[in-house]
Amino acid sequence: MDPLYQLIAQATQRNMNENTQKSNDFMRANHKKDVKEKGSRANELDFAELSPDLNSMGEDLMGSMDPDMFGRSNNAERFRRAWEEELEEQPRQEEEEEEGQEQGEPEDENARPREEGELPEPTSEAEPEVEEEGAPEEDEAEEEWAEEPPPPTLEIPREEPGDEPAVVVEPDVLERSEAALASTDQLDRAEEPAAPVADEPARGDSSFHSLLDFGSGFLRSDEHSDNAELEMELLEETLPELSPSLAGLTSRLISGDSTRPSYRRLEHYLARFGVGVLRTAVQEKIKVILLGPDESLPSHILVQGLFDEEELVEGALYLPDKHTLLLEESCVIRVPRGFNPVVFYFAHAFDHILGDEGYASAKSAAVMASYQSCQQKLAGHRFADDLAGISPMHYFAQAVESYLSEDDCLEPLWTRDDLYDFDRSMYDYVDYLFHRTNKV
Amino acid sequence: MILFPLRPVAGGRKPGEFPVGSVHFDGQEVKIDCPDRELRARLQELFFQPLRIRIARGDGEQVLAHGWEVLEPGTEAHYAACVARLHTFGLVPG
């Protein structure tokens with residue numbers, strides 16, 4: 001290599017190193033300058049040196065969580081002094097105890113001998129051992145944790161004194177063992193009843209019940225209870241008081257035992273029809289007979305001969321010739337399933353009294369038009385089920401039952417929303433009819 | 001038969017735009033095609049279980065009454081009654 005070129009390269013390298021060194025020194029000087037300025041702003045404490053993250057986080061955000069601030073309060077200082085005094089006092093106490101033991105050995109002989117199993121009083125031996133004074137202090141925090149006194153323990157002397165070490169037992173364990181010993185002692189006594197266990201808190205009071213636990217307190221909709229009395233009570237609790245006008249009309253309509261809870265429930269079912277409809281029914285001498293708890297429909301005198309022996313009739317029926325509605329008590333008490341028979345058959349009665357001779361639904365153009373539309377399966381027209389499609393009377397009664405339903409049925413066949421969505425014209429007609437009859 | 005969901009709209013419930021499945025009865029057995037497992041299980045419970053329907057009692061002139069009849073699955077009447085109750089699941093046949 002050319003020596004001239006080599007000299008030039010060395011000189012260039014030297015200049016570059018000097019420049020780099022100068023820039024580094026300049027940056028270091030600037031950094032120290034910034035740090036000193038920050039330190040003077042923060043109560044003359046150089047937080048930057050203690051905590052490098054502080055610059056990026058911001059002092060105000062750290063607040064009292066700043067670990068560098070720990071130990072600077074007066075309380076911490078006071079605690080450290082108290083701790084040092086305690087450390088100084090402990091060796092003295094140990095020395096005094098040793099001297100006392102050496103001098104007090106003859107006194108122990110005169111002391112009352114401890115019985116087997118008797119528990120000594122807690123001693124200070126169980127206190128934690130103190131680190132040697134000469135040990136270097138690594139960290140104050142670690143010392144604080146290390147010097148934290150454990151829970152007080154007791155020593156139980158063994159039956160065979162001497163070689164075996166004493167067992168260290170915690171106080172709560174001791175209490176439990178004493179209770180267990182007491183119970184075993186009582187068990188050992190022949191033919192004596194076992195000791196009553198300490199009263200445990202009632203499980204129902206203390207244990208947590210999940211909100212999803214519907215085992216008690218909630219009624220499942222798919223459970224069909226046969227306990228009529230219980231259902232009666234449940235229904236009674238939710239019944240509001242009827243207005244005097246409605247109560248007077250229902251009392252004139254219903255014939256039955258007014259003291260029975262089913263009577264009150266029936267009043268509320270009929271009250272859904274409104275004052276105008278009930279007044280019309282009273283004028284047309286409609287009768288609603290509520291059978292007793294021991295009576296059934298097939299055995300009633302008005303029903304005999306109307307059905308074949310094989311035909312099973314459920315709960316309620318309407319006798320057009322006699323303007324009479326017959327209801328079994330179970331039909332009123334139980335939560336209706338599918339549809340509400342009381343409302344359905346009183347709708348038959350309402351339909352019957354609206355027509356002078358025969359049923360009004362069979363003469364109403366609106367009902368017949370909707371009925372035929374449903375029969376032809378036109379869009380926006382549907383029967384609730386096959387029974388509703390038997391005749392315009394059944395169709396009208398089902399529409400009224402759906403209109404007056406209050407979501408109190410289990411597995412409802414046809415709700416008010418269904419009537420509104422799937423047979424709007426019939427809904428509008430029933431709505432108009434009730435508003436006109438009740439003059440709302 | 002294609003099944004559509006019922007969607008709540010301003011004027012009540014209307015059939016949705018997209019079908020959720022289909023149900024077919026071949027005279028002996030009901031076949032359900034529904035990708036939604038939960039809905040398919042509910043449909044199977046409806047179509048493969050006995051169903052209780054209302055039936056009219058009395059002649060209509062002297063007495064109006066009703067009774068209940070249980071329909072066994074696998075019949076045309078049972079299938080029709082099940083289809084009529086699809087609205088309880090929020091479905092409507094298309």
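Predicted model: local features only at pLDDT ≥ 70, side-chain atom pairs only at ≥ 80, totals over all residues.
**Exercise 1. A bridge between the chains**

Find the residue of chain A with which B:Arg54 forms a salt bridge, and give the distance between the closest N and O atoms.

*Solution.* B:Arg54 is bridged to A:Asp385, with the closest N and O atoms 3.0 Å apart. The rule behind this asks for a side-chain nitrogen of Lys or Arg within 4 Å of a carboxyl oxygen of Asp or Glu.

Residues are numbered from 1 along each chain as its sequence is written, chains are lettered from A in the order in which they are written, and side-chain values use heavy atoms, with hydrogens and water left out.

**Exercise 2. A second bridge across the interface**

*Solution.* Start with the distance: the closest N and O atoms of the salt bridge between B:Arg13 and A:Asp418 are 2.6 Å apart. Helices (H or I, at least four residues) and strands (E, at least two) are DSSP runs, numbered from the N terminus.

Next, accessibility: buried means under 20% relative accessible area, exposed over 50%, and partly exposed in between (1.4 Å probe, protein chains only).

**Exercise 3. The interface as a whole**

State how many residues each chain brings to the contact, and how much area the two chains bury.

*Solution.* Counting heavy atoms within 4.5 Å as contact, chain A brings 34 residues and chain B 23 residues. Together the chains bury about 2,500 Å², 55% of it on carbon and sulfur atoms. In chain A, A:Glu314, A:Leu387 and A:Leu413 lose the most area to chain B, together 18% of what that side buries. Buried area here is the accessible area (1.4 Å probe) that two parts lose on being put together, summed over both.

Then look at strand pairing, for which DSSP must find at least two bridges between two strands. Strand 5 of chain A and strand 6 (residues 64–71) of chain B run antiparallel and are joined by two bridges. A:Tyr318 has B:Leu64 as its bridge partner in strand 6 of chain B.

**Exercise 4. Bridges within chain A**

Work out which parts of the chain are linked by A:Arg260 and A:Glu329.

*Solution.* The two residues form a salt bridge, with the closest N and O atoms 2.8 Å apart. A:Arg260 sits in the loop between strand 3 (254–255) and helix 11 of chain A, and A:Glu329 in helix 13 (residues 329–333), 69 residues apart. A:Arg260 is partly exposed at 24% relative accessible area, whereas A:Glu329 is buried at 6%.

For comparison, take A:Arg337 and A:Glu411, whose closest N and O atoms are 3.4 Å apart in their salt bridge. This pair links two loops 74 residues apart, and A:Glu411 is exposed at 55%.

**Exercise 5. An enclosed helix**

Explain why helix 11 of chain A is largely enclosed by the rest of the structure.

*Solution.* Helix 11 spans residues 261–271, and nine of its 11 residues are buried, so the helix is largely enclosed. Among the buried residues are A:Tyr263, A:Leu266, A:His268 and A:Ala271.
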